[in-house]
Amino acid sequence: MQTITLGIGEKATLADGSRLTYLSLVNDSRCPPNVQCIWAGDAEISLRWEPAASGKPKTFSLHTNPIRDHGQTGLDVGKVHIALQALERGIAPEATLSITPVDKA
């Protein structure tokens with residue numbers, strides 16, 4: 001497993017040679033710190049994955065909260081599973097992602 005932390009606009013080369021770019025914070029409705037909320041809320045980020053060799057890039061979103069059909073917290077792309085582990089707060093929050101090889105036997 002590989003863990004990476006990216007800021008908006010930053011790119012990382014993954015262990016399989018593919019590249020991942022953190023494009024933007026799409027939405028953040030999470031409950032603020034030290035506030036009691038009825039619902040924890042959700043944040044969504046947009047990412048672009050580019051294969052190491054020739055192939056089509058894939059743009060997708062990941063969420064902090066998978067409840068109520070808000071979307072996925074992880075996704076298989078190419079030979080890896082990319083999961084959103086943590087998202088800082090603010091207008092340009094850093095995202096911590098885990099990258100795990102996927103066995104497509």
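Me: Before anything else, what counts as a contact here?
Reply: A contact means heavy atoms within 4.5 Å. The model under discussion is predicted.

Me: With that settled, what share of the contacts between residues at least 6 apart joins residues at least 24 apart in sequence?
Reply: In this chain the share is 38%.

Me: How many helices and strands are there?
Reply: The chain has eight strands and zero helices. Its pattern along the sequence is therefore written β-β-β-β-β-β-β-β.

Me: And the overall dimensions, what are they?
Reply: The C-alpha trace spans about 45 × 30 × 20 Å along its principal axes.

Me: What radius of gyration would a compact globule have, and what does the chain have?
Reply: For 105 residues, a compact globule would be near 13 Å. The chain has 14 Å, which agrees with that expectation.

Me: Turning to the interior, what percentage of the residues is buried?
Reply: Buried residues account for 37% of the 105 in the chain.

Me: Which residues touch the most other members of the largest nonpolar core?
Reply: They are Leu-20, Ile-45, Phe-60, Leu-62, Ile-82 and Leu-97, in a core of 21 residues. In soluble globular proteins, nonpolar side chains tend to be buried together.

Me: Which elements give two or more residues to this core?
Reply: The contributors are strand 1 (2–6), strand 3 (19–28), strand 4 (43–50), strand 5 (58–63), strand 6 (74–77), strand 7 (80–87) and strand 8 (95–101).

Me: Now the surface. What is the accessible area, and what part belongs to carbon and sulfur atoms?
Reply: The accessible surface comes to about 6200 Å², and 50% of that belongs to carbon and sulfur atoms.

Me: How far apart are the mean positions of the positive and negative charges?
Reply: The chain carries 10 positive and 11 negative charges, and their mean positions are 6 Å apart.

Me: On to single residues. Where is Ile-91?
Reply: Ile-91 lies in the loop between strand 7 and strand 8.

Me: Is Ile-91 buried or exposed, and why?
Reply: Ile-91 is classed as exposed because its relative accessible area is 83%, and the cut-off for exposed is over 50%.

Me: What does Ile-91 touch, leaving out residues up to four places away in sequence?
Reply: Ile-91 touches Ile-8 and Leu-25.

Me: What is the phi of Asn-34?
Reply: Phi of Asn-34 is near 60 degrees, a positive value in a residue other than glycine. Asn-34 sits in the loop between strand 3 and strand 4 and is exposed, with a relative accessible area of 86%.

Conventions
Residues are numbered from 1 along each chain as its sequence is written. This is a predicted model: local features need pLDDT of at least 70, side-chain atom pairs count only at pLDDT 80 or more; totals for chains, interfaces and linings use all residues. Side-chain values use heavy atoms; hydrogens and water are left out. Helices (H or I, at least four residues) and strands (E, at least two) are DSSP runs, numbered from the N terminus. The radius of gyration is taken over C-alpha atoms; the globule rule is 2.2 Å times the number of residues to the power 0.38. Buried means under 20% relative accessible area, exposed over 50%, partly exposed in between (1.4 Å probe, protein chains only). Accessible areas come from the Shrake-Rupley method with a 1.4 Å probe; for residues, only the protein chains shown count as cover. Lys and Arg count as positive and Asp and Glu as negative; His and the chain ends are not counted. The place of a charge is taken as NZ of Lys, CZ of Arg, CG of Asp or CD of Glu. A nonpolar core is a set of buried Ala, Val, Leu, Ile, Met, Phe, Trp, Tyr and Cys residues joined through side-chain atoms within 4.5 Å.
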